[in-house]
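Here are a few quick notes to read alongside the model.

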Amino acid sequence: MTENRHDFRGGALLASGRRLAMQLAMDPTIADEVSQSRLAREIAATYVAGEDVGTAIEKAADQVFKGLDVSLHPLDPAAVDVAQARRATVGLCEVIERLGADPAFGGHSEVSISLAALGLRVDDELARENARQICDIARDNHVAVTVDDEGPDIHDRSHRIGMDLLEDYENTGIVIQAARHDSLTQVRELAAPGRRIRLCKGSYTGPRSVTLIHPHDVDLRMAACLRALMTGPSTVMLASHDPVFVALGEQLMASLDRSLEFQMLQGIRPLEQRRLVDIGHRVRVYLPYGRDWYRYCTRRIVERPGNIWLFGRSLVERR
């Protein structure tokens with residue numbers, strides 16, 4: 001009982017500390033000063049595919065030329081009204097049409113959509129209809145769509161919309177965060193022939209009632225989810241930079257005689273991405289773009305401090 005109480009307090013303190021760190025980082029004065037620094041700009045240039053669509057598509061084309069697939073994700077903030085949600089929807093549709101117009105992207109491109117940016121925090125039906133419009137355009141242009149899981153507070157609503165989309169758009173990608181207590185249940189419920197499922201560790205900074213707190217517990221659950229998916233009928237997309245899980249993915253492919261898609265962020269472990277492609281595996285690079293790059297980079301670091309090491313190592317390797 002004492003050990004469990006200490007675990008609870010430790011997990012609560014960790015989550016509280018990360019929330020405080022995020023609040024401090026997002027303070028307008030701090031954010032403005034840090035975002036103007038040389039290091040912050042260098043990080044943004046490495047891990048964000050530009051502030052505008054044109055630059056992002058150029059970088060996506062370069063990745064496809066090198067043999068990788070791409071997933072473009074606009075860094076749009078959560079919409080606070082219908083007009084803002086509409087702008088995000090129109091912008092994504094334009095990106096999809098540009099991808100569809102270039103034969104080089106055929107079969108190699110995806111967009112990762114944020115339902116919050118499409119209006120989920122305004123109205124569920126608004127986000128659903130905007131997502132359906134995007135899926136319509138994507139289907140016409142042979143571009144895949146994956147619905148991001150944006151956190152515990154809107155997970156259930158996002159999941160319902162994702163399941164609705166699957167009824168008419170069978171190729172819609174769904175995200176499972178291993179850190180959630182119900183992740184294995186989701187694996188069993190979502191597994192279906194041809195369904196695209198992206199498995200990631202996910203954030204373990206949410207409420208203890210919803211997410212696992214300790215990294216070791218998350219790793220064990222991640223391994224269990226990956227094995228369950230690989231023995232099921234779905235198309236598996238493994239979103240991880242962790243060498244342990246990359247190796248486990250390769251072992252499962254060899255032992256089960258089936259494939260999976262590796263997914264990694266732009267700028268992180270590029271040599272590993274190249275190695276996987278060179279030996280015949282499918283690798284998709286996640287390309288965020290937009291002016292809200294500071295919030296994106298900060299969130300990646302605060303949610304999982306180990307990303308500081310990944311970011312720093314990648315920067316050193318480029319020098």
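**Notes on the annotated site and a helix**

1. In this predicted model, the side chain of Gln177 comes within 3.2 Å of the backbone oxygen of Asp149. Gln177 itself sits in strand E4, which covers residues 173-177.

2. Is Gln177 buried or exposed? Its relative accessibility is 9%, so Gln177 counts as buried, the cut-off being under 20%.

3. Where does Ser240 lie? Look in the loop that runs between strand E6 (235-239) and helix H10 (243-256). Despite the loop setting, Ser240 is buried, at 6% relative accessible area.

4. Ser240 has a polar side-chain atom 3.1 Å from the backbone nitrogen of Asp242. Beyond its neighbours within four places in sequence, Ser240 is in contact with Met222, Phe245, Val246, Gln263 and Met264.

5. One of those contacts, Met222, is also among the buried residues of helix H9. The others buried there include Val218, Arg221, Cys225, Leu226 and Leu229. Their cover includes helix H8 (183-190), strand E5 (196-200), E6 and H10.

6. As for its geometry, H9 (residues 215-230) has 16 residues and reaches 22 Å from first C-alpha to last, close to the 22 Å expected at 1.5 Å a residue.

Methods: Residues numbered from 1 in each chain as written. Predicted model: local features only at pLDDT ≥ 70, side-chain atom pairs only at ≥ 80, totals over all residues. Heavy atoms only, no water. Helix = DSSP H or I, 4+ residues; strand = E, 2+ residues; numbered from the N terminus. Buried < 20%, exposed > 50% of the residue type's maximum accessible area, 1.4 Å probe, protein only. Polar contact = N/O pair within 3.5 Å; in protein donor to acceptor, adjacent residues only side chain to side chain. Contact = heavy atoms within 4.5 Å. Expected span 1.5 Å × (residues − 1).
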